[in-house]
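Please walk me through this two-chain structure, from the overall build of each chain to the places where elements meet.

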Amino acid sequence: MKRLLYVLVLVFAFGLLAGQGIAQTSAQPKVTGQTATVSPTSSDTRLQELEARVAEAQSSGDNAWMLVCAALVLMMTGPGLALFYGGLVRKKNVLATMMQSFSMMALITVIWAVVGFSLCFAPGTSLIGGLGHLFLHGVGSAPDPTYAGTIPFGTYMVFQLMFAIITPALICGAFAERMKFSAMILFMILWSFIVYDPMAHMVWGKGGFLNAALGGTFPTLDFAGGTVVHITSGVSALVCALYLGKRVGYPKEPMPPHSVVLSVIGACLLWVGWFGFNAGSALASNGLATSAFIATDFGAAAAAIGWAAAEWVRNGKPSVLGVISGAVAGLVAITPASGFVGPMSALVIGLVAGVYCYWMVTKVKARFGYDDSLDAFGIHGAGGTIGALLTGVFATSAINPIFKNSQGKVLPVGLIDGNSGQILNQLVGVLIAWGLAIFGTLIILKVVDRVVGLRVPEEQEIQGLDLALHGEEGYTFEA
Amino acid sequence: MKKIEAIIQPSRLEHVKAALHEIGVEGMTIQDVRGHGRQKGHTEVYRGREYNVDLLPKTKIEMVLPDRLVDPAVEAIMGAAKTGKIGDGKIFIHPVEEAIRIRNEERGDAAL
């Protein structure tokens with residue numbers, strides 16, 4: 001672990017030096033911001049000036065919205081996910097669980113600055129990005145028309161960073177209450193390179209294998225990260241749960257959530273933050289953002305009702321943990337679809353996801369007996385998969401005319417438009433995400449197990465990770 | 001001097017307190033506790049997993065009284081805490097050897 005730290009510090013220091021050069025190059029004024037001042041009487045010049053001002057106004061509006069969205073998505077990890085997961089564990093592990101989410105905010109940001117963003121979005125192969133944006137080289141206030149022509153490339157970079165943070169944080173639900181902190185850190189660094197970066201590049205990067213708008217082989221529709229975020233994290237979570245084994249005492253000992261109250265607050269913050277996640281994925285403050293915003297809300301609402309209704313029928317009571325879990329499942333499922341489907345389709349996707357994830361979490365998990373402690377797979381893996389497939393059914397050119405032929409004529413998008421082949425493309429995307437998550441995670445777990453060991457000793461697990469790993473307690477009554 | 005320890009339903013606490021004040025009991029110590037007697041617990045369900053909760057929330061009242069107040073206090077508690085259902089709780093009475101007020105070192109009934 002020590003040697004790893006030295007290497008990280010060295011790499012970081014080098015990045016700071018290299019960054020100085022970048023700051024100078026990116027300080028050039030924006031082309032769109034320049035206004036011509038020669039011969040004010042010429043109408044051509046005045047027209048040019050007007051166009052420049054219009055572009056500037058649009059850029060200013062889009063940038064304001066996108067910076068807010070980036071902040072909203074960060075809020076999903078901390079405090080959103082930290083509270084949601086923190087409430088679900090036992091009292092003795094609340095801090096360790098929150099620490100996992102919070103440390104992703106710090107760790108992934110640094111990795112992203114050094115190399116992560118480049119591996120996702122610099123020109124590269126169809127499987128992974130290149131090193132052109134190493135140390136954020138060339139990422140400044142000028143827009144990159146490939147990805148988002150009206151906002152600074154730096155805004156795009158920081159918005160994408162927030163996705164790279166929450167994705168690994170989601171996995172933590174599967175190995176909660178038993179993984180070493182050092183092992184978690186090492187696992188997440190490797191996971192970010194081996195699973196997240198290639199998947200994000202394949203789906204969203206220019207020339208990526210699955211990219212729908214920028215020349216992919218199998219155009220997979222994934223508006224905000226059903227495959228990139230939820231399938232990768234959810235399936236990796238399942239692999240982690242199986243590889244690490246059950247918690248000491250599971251399932252004989254009761255391990256109820258220590259505070260559903262914290263989880264409710266967390267789920268509400270997730271719901272609000274998700275507007276940044278999905279509507280922000282329009283990358284502009286436009287009608288598509290509004291459409292995605294509405295779909296997001298509708299998906300969450302319908303799924304909360306679906307889960308609670310299923311529970312009401314089976315147990316006689318709708319639970320609070322049920323409605324919030326349902327809402328999160330709906331948000332997961334609507335994520336890939338949000339920018340492609342209409343509001344009524346969003347209701348259907350949400351309702352299906354709510355009932356399906358309820359069944360996955362209560363029946364399937366019990367049937368196979370794996371200890372996915374906080375249901376990272378049952379909600380994100382299962383919800384992400386069903387959402388990605390249903391996107392192929394409900395996507396429509398009326399919401400997002402993403403497919404056009406060479407003459408610019410709009411082509412059908414999903415099954416309801418008459419493009420049944422899209423489901424196959426979605427399936428390819430889903431299978432690649434599952435495969436990458438399974439094999440990537442297995443290899444990483446083997447390596448980390450060999451280097452630092454994955455689980456805490458049994459006596460530490462019984463004592464609780466808060467004290468054993470961090471020397472603190474979440475609730476001290478003497479203070 | 002006797003110590004009365006009463007374990008009651010939390011919802012009856014305000015009534016019991018009022019009844020005790022009425023007969024002249026001036027001090028008491030109250031704790032939230034968990035426990036069960038013959039009363040069976042209940043089931044909680046979290047994401048489909050059932051948990052049997054057999055320790056239920058109760059309120060424990062402790063007070064040390066001069067002998068003359070013991071019987072009225074027991075009656076007051078029984079009158080105010082009884083709902084007639086299983087789980088109403090119990091009263092225990094212990095002898096107390098000595099009571100000392102820390103502030104001025106008074107002893108015996110004067111310290112109560």
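Chain A contains 14 helices and 0 strands, where helices (H or I, at least four residues) and strands (E, at least two) are DSSP runs numbered from the N terminus. Read from the N terminus on, the order of elements in chain A is accordingly α-α-α-α-α-α-α-α-α-α-α-α-α-α. This is a predicted model, in which local features need pLDDT of at least 70 and side-chain atom pairs count only at pLDDT 80 or more, while totals for chains, interfaces and linings use all residues. Residues are numbered from 1 along each chain as its sequence is written, and chains are lettered from A, with ligands numbered from 1, in the order in which they are written.

The C-alpha trace of chain A spans about 85 × 55 × 45 Å along its principal axes. Its radius of gyration, taken over C-alpha atoms, is 23 Å, which agrees with the value near 23 Å for a compact globule of 479 residues, the globule rule being 2.2 Å times the number of residues to the power 0.38. Of these 479 residues, 54% are buried, a residue being called buried if 20 or more other C-beta atoms lie within 10 Å of its own, exposed if 12 or fewer, and partly exposed in between, with C-beta atoms placed from the backbone. Among the contacts in chain A with a separation of 6 or more, 74% are between residues 24 or more positions apart; two residues are in contact if their C-beta atoms, placed from the backbone, lie within 7 Å.

Within chain A, helix α6 (residues 226-244) packs against helix α11 (residues 376-394) at an angle of about 145 degrees, and their axes are 8 Å apart. These axes are lines fitted to C-alpha atoms, for helices over the stretch in contact, and the angles run from 0 to 180 degrees between N-to-C directions. On the side of α6(A), the contributors include Gly226(A), His230(A), Gly234(A) and Ala241(A), while those of α11(A) include Phe377(A), Gly381(A), Gly384(A) and Thr391(A). Sorted by class, this contact of α6(A) with α11(A) has 9 nonpolar, 12 polar and no charged residues, where Ala, Val, Leu, Ile, Met, Phe, Trp, Tyr, Cys and Pro count as nonpolar, Asp, Glu, Lys and Arg as charged, and the others, Gly among them, as polar.

Further along chain A, helix α12 (residues 421-451) has 31 residues and reaches 45 Å from its first C-alpha to its last, close to the 45 Å expected at 1.5 Å a residue. α12(A) is followed by Gly453(A), whose phi is positive, near 85 degrees.

Chain B has 2 helices and 6 strands, arranged from the N terminus on as β-α-β-β-β-β-α-β. Its C-alpha trace spans about 60 × 30 × 20 Å along the principal axes, and chain B has a radius of gyration of 17 Å, whereas a compact globule of 112 residues would have one near 13 Å. Of the 112 residues of chain B, 17% count as buried. Gln31(B) lies in strand β2 (residues 29-35) of chain B and is exposed, with 10 other C-beta atoms within 10 Å.

Where the chains meet, 6 residues of chain B are in contact with 11 residues of chain A. Strand β3 (residues 42-46) of chain B gives the most to the side of chain B that touches chain A, with 3 residues. By class, that side of chain B has 3 nonpolar, 1 polar and 2 charged residues.

Methods:
Expected span 1.5 Å × (residues − 1).
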